[in-house]
Amino acid sequence: MRSLTRTTAGKFNLVFLRVAPPFEVGLRAASTAAFTPEAGKFYNITLNKDKGYTDDGQGNYTVTSAEGLKNIAKLVNEQWNLGINITLTADIDLSGTNWTPIGIDYNHQYAGTFDGGDHTITGLTVTGSDNYAGLFGNLSGTVKDVTLKDVQIARDYQNAYVGGVAGYSEGNIENCSVSGSVSGTGTGTGSIYVGGVTGLGSLTACYHATGDVTGASGSTGGVVGRNFKDSMFGGGIITACYWNGTVTGDNGIGNDMVGNGKATKVADDWTDAVTQMNTALQSASSEWRYELTGELPTLTEN
């Protein structure tokens with residue numbers, strides 16, 4: 001007799017109960033060979049399922065696949081691991097997945113550091129009617145060095161923050177670029193803030209390259225939907241950020257309460273944008289810089 005149970009760590013324990021030999025076990029754990037158990041003895045076999053990420057036990061997670069990134073989102077959203085650090089070591093394809101943002105609401109605000117490592121996430125799709133929409137929903141940590149390609153983000157809610165990288169950010173977004181469509185609609189008394197990169201937040205050397213950014217005029221921007229200031233959190237700082245494409249209201253910042261920094265539209269030539277972004281990165285002592293070897297700027301390590 002045998003029983004197969006799943007542990008909370010995502011592993012399986014196969015327990016043999018008083019079997020009569022000979023009995024060949026066809027299941028293998030990693031490189032473990034098949035064996036013949038002895039009658040009357042109990043055996044535990046742990047099968048390690050590839051989770052798509054590894055961790056060092058110190059809160060640092062390395063993601064290698066789309067499945068791994070989805071599992072990381074669950075660690076934050078379902079297991080309250082809000083301060084973990086995430087590093088991509090490969091390009092990620094999320095095509096065909098309706099993404100649940102990392103940091104689904106204010107109570108699950110992501111507070112760690114996400115390092116894209118100059119990798120690309122393709123096909124990010126977020127739809128529905130929640131408050132926060134983007135790769136990250138609600139952010140207080142740092143997101144840096146990642147490219148989002150072919151995003152499709154559409155939020156229909158009466159009070160929402162919508163962006164490619166993050167919906168709402170009280171943290172920092174650095175060296176990130178987005179291409180694709182970002183939109184927010186809704187009815188009611190609330191406001192929807194829509195930005196090509198973020199609905200709200202501080203940005204350094206980020207840009208929205210191509211695609212439509214649509215929402216209400218006055219709260220929609222090619223880079224950020226709202227640059228907010230209050231007595232507790234201060235205000236967002238927009239440094240050397242750029243945008244292209246069709247944007248409701250034709251503004252880089254939709255609702256600018258701070259007046260600190262600006263987001264500049266690029267007509268065709270990204271040369272000046274690259275120069276300004278690299279100046280900002282140098283001032284921030286970044287290990288990355290932009291190069292213009294094709295139509296759009298790309299990151300390269302110093």
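In total, 3 salt bridges are counted, a salt bridge being a side-chain nitrogen of Lys or Arg within 4 Å of a carboxyl oxygen of Asp or Glu. The structure is a predicted model, in which local features need pLDDT of at least 70 and side-chain atom pairs count only at pLDDT 80 or more, whereas totals for chains, interfaces and linings use all residues. Residues are numbered from 1 along each chain as its sequence is written, and side-chain values use heavy atoms, with hydrogens and water left out.

One of these salt bridges joins the side chains of Lys70 and Glu67, with an N to O distance of 3.5 Å. Both residues belong to helix H1 (residues 66–77), where they are 3 residues apart, about one turn of the helix; helices (H or I, at least four residues) and strands (E, at least two) are DSSP runs numbered from the N terminus. Lys70 is partly exposed because its relative accessibility is 27%, and Glu67 falls in that class because its relative accessible area is 41%, where buried means under 20% relative accessible area, exposed over 50%, and partly exposed in between (1.4 Å probe, protein chains only).

A salt bridge is also formed between the side chains of Asp250 and Lys265, at 3.2 Å from N to O. This pair links distant parts of the chain, since Asp250 lies in the loop between strand S23 (238–243) and strand S24 (253–256) while Lys265 lies in strand S25 (residues 261–265), 15 residues apart. Asp250 is partly exposed at 44% relative accessibility, as is Lys265 at 42%. In the salt bridge between Glu291 and Arg289, the closest N and O atoms are 3.1 Å apart; Glu291 is partly exposed at 29% relative accessibility, and Arg289 is partly exposed with a relative accessible area of 31%.

Strand S13 (residues 160–163) directs Ala160 and Val162 one way and Tyr161 and Gly163 the other way, and all of these residues are buried. Strands are taken to pair if DSSP finds at least two bridges between them. Strand S10 (residues 132–133) runs parallel to S13 and is joined to S13 by 2 bridges, with Val162 of S13 as the bridge partner of Ala133. S13 also pairs in the parallel sense with strand S15 (residues 192–195), over 4 bridges, and in this pairing Gly163 stands opposite Gly195.

Ser179 is located in strand S14 and counts as buried because its relative accessibility is 12%. Apart from neighbours within four places in sequence, Ser179 is in contact (heavy atoms within 4.5 Å) with Leu148, Lys149, Asp150, Val151, Ala209 and Thr210. Between Ser179 and Gly245, which are 66 residues apart in sequence, the C-alpha to C-alpha distance is 9.4 Å.

The second largest pocket holds about 260 Å³ of space. Its lining comprises 19 residues, of which Thr147, Ser177, Tyr207, Pro297 and Thr298 are the closest to the pocket centre. At least two lining residues are supplied by each of strand S8 (113–122), strand S12 (142–156), strand S14 (166–185) and strand S27 (298–301). On a 1 Å grid over the protein atoms alone, a pocket is an open set of points where a 1.4 Å probe fits, with protein on both sides within 12 Å along at least five of seven lines, and lining residues have an atom within 4 Å of a point.

Key:
Points joined across faces, edges and corners; volume = space filled by probe spheres on them.
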